[in-house]
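Have the sequence and the model open as you read.

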Amino acid sequence: MQDHKQDLAVMLRRLRLDCGYSQKAVATGLGVERSTYSNYELGKVSPDLDTLRRLAQIYAVPLEAFLYPEEYRTIEAARQRPPKKINSSPGRIGELSSQEKELIALLRAGIITV
């Protein structure tokens, strides 16, 4: 469990730096003190699930990246890695596959018609 905590801490720092955010900016986005966010990056404290969800939104990575940080070493890997399971009946546009999103974009642009 300790390895996961350290992998997550390293990942949080790497993502923040890759995005060009300060600890204060991320902490403000989360609604926590900067020291709290700093403790996440130091591996002293692990964020709860709700905080991980908000971090996934801030960094534009799948929540899964935080659950398996050893598999998502860089922000590019986290953003490009396909989900393990595609929802067969998505309720939101964010749950669509990249091919489905591309098809919708082409339909909206009038490039293809049904």
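Let's start with the salt bridges, meaning a side-chain nitrogen of Lys or Arg within 4 Å of a carboxyl oxygen of Asp or Glu. By that rule there are three salt bridges. Keep in mind that this is a predicted model, where local features need pLDDT of at least 70 and side-chain atom pairs count only at pLDDT 80 or more, while totals for chains, interfaces and linings use all residues. Residues are numbered from 1 along each chain as its sequence is written, and side-chain values use heavy atoms, with hydrogens and water left out.

Here are the pairs, with their N to O distances:

| Salt bridge | N to O distance |
|---|---|
| Arg13 – Glu41 | 4.0 Å |
| Arg16 – Glu41 | 2.5 Å |
| Arg54 – Asp50 | 3.5 Å |

**The Glu41 network**

Arg13, Arg16 and Glu41 are linked in a network of salt bridges. Take the Arg13–Glu41 salt bridge. Arg13 lies in helix 1 (residues 2-19) and Glu41 in helix 3 (residues 34-42), so this pair ties together parts that are 28 residues apart in sequence. Helices here are DSSP runs of H or I with at least four residues, strands are runs of E with at least two, and both are numbered from the N terminus.

The C-alpha atoms of Glu41 and Arg16 are separated by 9.6 Å.

So are these residues buried or exposed? Buried means under 20% relative accessible area, exposed means over 50%, and partly exposed is in between (1.4 Å probe, protein chains only). Glu41 counts as buried at 9% relative accessibility, and Arg16 counts as buried at 7%. Arg13 is partly exposed, with a relative accessible area of 43%.

What else does Glu41 touch? Not counting residues up to four places away in sequence, Glu41 is in contact (heavy atoms within 4.5 Å) with Ala9, Leu12, Arg13, Arg16 and Gln23. The Gln23 side chain joins that of Glu41 through a polar contact of 3.0 Å. A polar contact is a pair of N or O atoms within 3.5 Å; within protein, one must be able to donate a hydrogen and the other to accept it, and residues adjacent in sequence count only if both atoms are side-chain atoms.

**The helix 4 pair**

Arg54 forms its salt bridge with Asp50. The two are four residues apart in helix 4 (residues 49-59), so about one helical turn separates them. Arg54 is partly exposed at 26% relative accessibility, and Asp50 is partly exposed too, at 42%.

**The whole chain**

Stepping back, the chain has seven helices and zero strands. Of its 114 residues, 27% count as buried. Among contacts with a separation of 6 or more, 47% come from residues 24 or more positions apart. The accessible surface comes to about 7,600 Å², with 52% of it belonging to carbon and sulfur atoms; such areas come from the Shrake-Rupley method with a 1.4 Å probe, and for residues, only the protein chains shown count as cover.
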